[in-house]
Amino acid sequence: MLFYEPLFLFLFGPAVYLLYFFFGADRGRRALILLAASVAFYGWSEPLFIFVVLASVALDLIVARRVVAAETNDARRRAWLALGVGANLAILVYYKYTGFL
């Protein structure tokens with residue numbers, strides 16, 4: 001499934017959008033809906049990518065907790081944030097562009 005396919009545009013995307021807003025302010029359920037939608041989306045084309053999504057989620061969770069824990073030290077917070085952004089960009093670059101090399 002790709003973002004421009006009718007299945008995504010008219011069925012999958014709107015269904016996830018409606019489910020996301022149906023749960024209102026319940027952040028835990030909203031996060032689970034987005035995680036399940038991501039796993040379904042990436043699993044649709046290549047089930048191996050499910051592990052990449054789960055690894056990225058775990059990495060982001062660890063980085064977010066470290067950023068919150070370093071609330072008094074701005075330099076440390078920026079370093080953790082830079083690490084998180086850099087790691088996500090590295091994952092994107094690796095899976096998106098290594099085929100060209």
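Which residue has its charged end over the ring of Tyr-20? In this predicted model, that residue is Arg-30, sitting 4.1 Å from the ring centre. Tyr-20 itself counts as partly exposed, at 23% relative accessibility.

**Rings along α1**

Let's stay with the aromatics for a moment. The count of aromatic pairs comes to 10. One of them joins Tyr-17 and Phe-21, which sit 4 residues apart in helix α1 and so are separated by about one helical turn. Phe-21 also pairs with Tyr-20. Here is how the two pairs look:

| Pair | Centre to centre | Angle between planes | Geometry |
|---|---|---|---|
| Tyr-17 and Phe-21 | 4.8 Å | 65° | edge-to-face |
| Tyr-20 and Phe-21 | 5.1 Å | 90° | edge-to-face |

As for solvent, Tyr-17 is exposed, with a relative accessible area of 54%. Phe-21 is partly exposed, with 44%.

**The nonpolar core**

Now for the inside. The largest nonpolar core has 6 residues: Met-1, Phe-8, Phe-12, Val-16, Ala-37 and Phe-41. Two elements, α1 (6-22) and α2, each give two or more residues to this core, and α1 gives the most, with 3 residues. In soluble globular proteins, nonpolar side chains tend to be buried together.

Ring pairs also tie Phe-8, Phe-12 and Phe-41 into a cluster with Tyr-42. Phe-8 is worth a look for its contacts: leaving aside residues up to four places away in sequence, Phe-8 touches Met-1, Leu-2, Phe-3, Gly-13, Pro-14 and Phe-41.

Next up is helix α3, which runs over residues 49-69.

Which residues of α3 are buried? They are Val-52, Val-53, Ser-56, Val-63 and Val-67. These residues cover an arc of only 95° around the axis, which means they lie on the same side of α3. That buried set packs against α2 (27-45) and α4 (74-97).

Notes: Residues are numbered from 1 along each chain as its sequence is written. This is a predicted model: local features need pLDDT of at least 70, side-chain atom pairs count only at pLDDT 80 or more; totals for chains, interfaces and linings use all residues. Side-chain values use heavy atoms; hydrogens and water are left out. The expected span of a helix is 1.5 Å times one less than its number of residues. Buried means under 20% relative accessible area, exposed over 50%, partly exposed in between (1.4 Å probe, protein chains only). The arc is that of the directions from the helix axis to the C-beta atoms. Contact means heavy atoms within 4.5 Å. A nonpolar core is a set of buried Ala, Val, Leu, Ile, Met, Phe, Trp, Tyr and Cys residues joined through side-chain atoms within 4.5 Å. Rings of Phe, Tyr and Trp (its six-membered ring) pair if their centres lie within 6.5 Å; planes under 30 degrees apart count as stacked, over 60 as edge-to-face and the rest as tilted. A charge sits over a ring if NZ of Lys or CZ of Arg is within 6 Å of the ring centre and within 35 degrees of the ring normal.
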